[in-house]
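The sequence and the structure are shown below, and the sections after them may be read in order.

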Amino acid sequence: MDILRGHDVANDQDDFEYPGDAAIDRPLAVGYEERRMQVRAYNYWASLLGDRALPLIEDLSPDQMDDFGPYSVLLDFTAGIENPAIVYLGTALREECEIEGPIGHIADVPARSLLSRLTDHYLQIIANAAPIGFEAEFINQRGREILYRGILMPFSAQGDSIDFVFGVINWKEMASHALSVAIEREVDTNLLHNPPARSDAPIWADGPGADEDDDVLDLAGMEMPTEDAPLADWLALAREGAEKARTSEARSHAALYRAIGLAYDFALVTRRSAEEYAELLEDYGIKAQARSPMTAVIKLVFGATYDKTRITEYATALDHAATASLPVGSFAAYLAGYDGGLKALVRDERAARRADMPARPDKRQTARDTMKCATALDPLAVATDNDGLAVVVARREADGTLAIVGALPEGSDLGQRVILAAAD
């Protein structure tokens, strides 16, 4: 039995300053990490929006997402919504669904697999043109009870229609009833004989550091390295700033902006110490990316396992600073004074990049132009199925006759759907 709890996901924040205004009720069974993955996926989708209604599919690279890429699937609706094509399937999701070979369409998904649950939800995306969050439980193909939580997010090829849906799903396998009862009994027994020590120390508002003023958090004890100091000294300073940002990011942007500023300072210094920088990257197992060199800098400073959405945003911010030729020690103040802060800067930088990119050709119009100029086919050469049927593209000629200029290959799933539609 499937139990569905649909919801919006926009305001379920464990990171500050992300868009959205709808709340998620805390799930009863799916764990916190599963919840965080869904929120991180939404934050990533929102970060690609810019000033558009839908993010562009060209900005999505699921195979490069170490965080939730293995748990994701990308559906292509350009050939129709009844049976979308599967153009990407993450390794973890593929393994859970026991899919070993290639898989082309949603109709090819094994029955009772976790991936088959998507059919319950993806049509909601088409109707709402907005991300859809969901959680449910069901018995999978191995007879195990699975609790899953996921989110489906729309993408567009041109920005004006939903052409793709990107899904991220996480799950857990429930223990049997007998095992759950045994565990609860053991926990109760242990608590009875070993009660936890009670602490009278209050938390949150009255806890240590509650009176700290975030706006005056400084880099006490963090002396700026000299100009000829080793690159490792600059990295140590930037990492200390990143650590301070982690411990205060729930309360203020000040420490975060300082940390990003120090990361930018480190990036500037790497230019004069290319060999030393290459050695640091090798030591930490980080690969530099030609198309996004600042990503390696952020991973060195904040850690390679840091939230991937944030890594991308911070690297974009550093690109902006480099383009503006900001000097050492100036980027933190620049961020603080930027109208809208970090989020606005990242948005504006991405918008500027898109404006510089050449317009993508309209695939649909290109296909139509091709058909308008195609040489007419010999009707006898068009392959038909066992019933003598074929799906063809016809063109009205100048004399009013119809010429066959294209035909779907025999056995095409799309051809069968067209026949069904024509019969109605």
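## The hairpin of strands 3 and 4

Strand 3 and strand 4 form a hairpin with five residues between them. In the turn, Gly143 has a positive phi of about 80 degrees. Helices (H or I, at least four residues) and strands (E, at least two) are DSSP runs, numbered from the N terminus.

Strand 3 is largely enclosed by the rest of the structure, because seven of its eight residues are buried. Buried means under 20% relative accessible area, exposed over 50%, and partly exposed in between (1.4 Å probe, protein chains only).

## Basis of the description

This is a predicted model, in which local features need pLDDT of at least 70 and side-chain atom pairs count only at pLDDT 80 or more, whereas totals for chains, interfaces and linings use all residues. Residues are numbered from 1 along each chain as its sequence is written, and side-chain values use heavy atoms, with hydrogens and water left out.

Axes are lines fitted to C-alpha atoms, for helices over the stretch in contact, and angles run from 0 to 180 degrees between N-to-C directions.

Strand 4 (residues 145-155) is also joined to strand 5 (residues 164-173) by 10 bridges, and these two strands run antiparallel. Leu147 has Lys172 in strand 5 as its bridge partner. In a regular strand, side chains alternate between the two faces of the sheet.

## Aromatic pairs and a charge over a ring

The model contains 12 aromatic pairs. Rings of Phe, Tyr and Trp (its six-membered ring) pair if their centres lie within 6.5 Å; planes under 30 degrees apart count as stacked, over 60 as edge-to-face and the rest as tilted. Phe266 and Tyr277 form an edge-to-face pair, 6.2 Å centre to centre with 70 degrees between the planes. Phe266 lies in helix 6 (residues 254-270) and Tyr277 in helix 7 (residues 274-283), so this pair ties together parts that are 11 residues apart in sequence. Both count as buried, Phe266 at 0% relative accessibility and Tyr277 at 13%.

The rings of Phe331 and Tyr334 have centres 6.0 Å apart and planes at 35 degrees, so their pair is tilted. Phe331 and Tyr334 both lie in helix 10 (residues 331-337), three residues apart, about one turn of the helix. Phe331 is buried at 0% relative accessibility, whereas Tyr334 is partly exposed, with a relative accessible area of 27%. Tyr264, Phe331, Tyr334 and Tyr338 form one aromatic cluster. Elsewhere, the charged end of Arg239 sits over the ring of Tyr284, 4.3 Å from its centre; this requires NZ of Lys or CZ of Arg within 6 Å of the ring centre and within 35 degrees of the ring normal.

## Packing of helices 7 and 8

Two packed helices are described by the angle between their axes and the distance between the axes. Helix 7 and helix 8 (residues 293-302) pack at an angle of about 60 degrees, with their axes 11 Å apart. That makes helix 7 oblique to helix 8, where angles under 35 degrees count as roughly parallel, over 145 as roughly antiparallel, 65 to 115 as roughly perpendicular and the rest as oblique. The crossing of the two helices is left-handed, a term used if the near helix is turned anticlockwise from the far one by less than a right angle, with right-handed used if clockwise.

## Loop residues

Most residues other than glycine have a negative phi. Arg112, although not a glycine, has a positive phi of about 65 degrees. Arg112 is placed in the loop between helix 2 (91-96) and helix 3 (122-128), and is partly exposed at 35% relative accessibility. Ser325, also not a glycine, has a positive phi of about 55 degrees. Ser325 is in the loop between helix 9 (308-323) and helix 10, and counts as exposed at 58% relative accessibility.

Cys97 lies in the loop between helix 2 and helix 3 and is buried, at 2% relative accessibility. Cys97 and Leu114 are 17 residues apart in sequence and 6.0 Å apart in space, C-alpha to C-alpha.

Key: Pairing = 2+ DSSP bridges.
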